[in-house]
Amino acid sequence: MTQPLKCTISVVSDSPPRLVSANNHKPLPAEVSRTIVELSSVGTLSTITRVGSPLGYGVRFAVDLNGTPVLCLNESDTRFSFDDRRCSLHVQLEQCGGRRTPQCTIQGNLDKPEDSMVLRKLSSAWNKRFNEEVEESCIYVIDVERVLQIEDYAEDGIWVTPSEYASAEPDPLRACAEKFADEINTHNKDDVYRFCNIYADLDFQVLDAKMVWVDRLGFDVHVRSVHGDIYEVRMPFPREVTDEKSAKSSFNGMSQLAWEVEKNILVPEFKKVQHLKKVIGNSI
């Protein structure tokens, strides 16, 4: 007798395991912050001016292997004070055409490295990101003291310690996440809609659904009810993925299982997602 295909919506990590948020199999805020700064190259630097008032202005930045922001600043710039090096760098990342904008704000102090080997590494990081040389005398870094990670506008943030931030790794799917979501929304829209009905425990009829982002642990979907309210649903992968190929394989497996459950070929033996987050001021 053929045994029915079984699927559990959970996370299984290969060794060595990476930490996972207790909230719905999502990457930890430190990992999200590292992903944001890896995918961004501009932000808002806020410093204390020489007259003692705060000022924010746009800057380009690179990051080193620990996520430390690398800046190119002119020493004669009057926008910051050499006596008070306190600063913050605010970076945000638009996802799915601006339907969600995760952000991180790095607080710390401006520091000017003097070690020649360190300067060469920082220059290399700048060249890798912008494909241009930089004067070593203009290189500054932000000595990170803490990081505030916010999932979207009008939401509360979570503070990340400097050790958590430095030890976290950016998501391995970051380079293909936007393309992956676009392709799914274009070619697999029915699957996303079916996932909401099969894998999520919703008490309303879904009018529309769109994938917003994908990472190593799963993907986020914005669903619209018949009343026009938008909710975010987290869909975990059956197991952690490491690249685009394994993400597509997991998605296709979930799609096949959802179709068989919908057609009553299989009896669902997985726990449905129950957590919903209402999205404020957005539309699908």
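Q: On the other side of α4, which residues are exposed?
A: Start with the scale: exposed means over 50% relative accessible area, buried under 20%, and partly exposed in between (1.4 Å probe, protein chains only). On the other side of α4, the exposed residues are T186 and H187. This is a predicted model, where local features need pLDDT of at least 70, side-chain atom pairs count only at pLDDT 80 or more, and totals for chains, interfaces and linings use all residues. Residues are numbered from 1 along each chain as its sequence is written, and side-chain values use heavy atoms, with hydrogens and water left out.

Q: Which residues of helix α4 are buried?
A: Helix α4 spans residues 177-187, and its buried residues are A177, F180, A181, I184 and N185. Look down the axis of α4: these buried residues fall within an arc of 125°, so they line one face of the helix. The arc is taken from the directions from the helix axis to the C-beta atoms.

Q: What do the buried residues of α4 pack against?
A: They pack against α5, β8 (206-215) and α6. The protein chain has 6 helices and 11 strands.

Q: How do the axes of α4 and α6 cross?
A: Two packed helices are described by the angle between their axes and the distance between the axes. Axes are lines fitted to C-alpha atoms, for helices over the stretch in contact, with angles from 0 to 180 degrees between N-to-C directions. The axes of α4 and α6 come within 11 Å and cross at roughly 30°. The two helices are therefore roughly parallel to each other. The cut-offs are under 35 degrees for roughly parallel, over 145 for roughly antiparallel, 65 to 115 for roughly perpendicular, and oblique for the rest. The crossing of α4 past α6 is right-handed. Right-handed means the near helix is turned clockwise from the far one by less than a right angle; left-handed means anticlockwise.

Q: Which residues make the contact of α4 with α6?
A: Contact means heavy atoms within 4.5 Å. K179, F180, E183 and I184 of α4 meet E244, A247, K248 and F251 of α6. By class, that contact has 4 nonpolar, no polar and 4 charged residues. Nonpolar covers Ala, Val, Leu, Ile, Met, Phe, Trp, Tyr, Cys and Pro; charged covers Asp, Glu, Lys and Arg; the others, Gly among them, are polar.

Q: At roughly what angle do α5 and α6 cross?
A: The axes of α5 (residues 189-198) and α6 (residues 244-262) come within 10 Å and cross at roughly 60°. That makes α5 oblique to α6. This crossing is left-handed. From α5, the contact uses D191, R194, F195 and I198; from α6, the residues include F251, M254 and W259. By class, there are 7 nonpolar, 1 polar and 3 charged residues.

Q: What covers the buried residues of α5?
A: The buried residues are D191, V192, R194, F195, C196 and I198. Their cover includes α4, β8, β9 (218-225), β10 (230-236) and α6.

Q: Where does C96 lie, and is C96 buried or exposed?
A: C96 lies in the loop between β4 (86-92) and β5 (103-111). C96 is buried, with a relative accessible area of 9%. Its phi is near 55°, a positive value in a residue other than glycine.

Q: What is the phi of N264?
A: N264 has a positive phi of about 60° and is not a glycine. N264 sits in the loop between α6 and β11 (276-278). N264 is exposed, with a relative accessible area of 70%.

Notes:
Helices (H or I, at least four residues) and strands (E, at least two) are DSSP runs, numbered from the N terminus.
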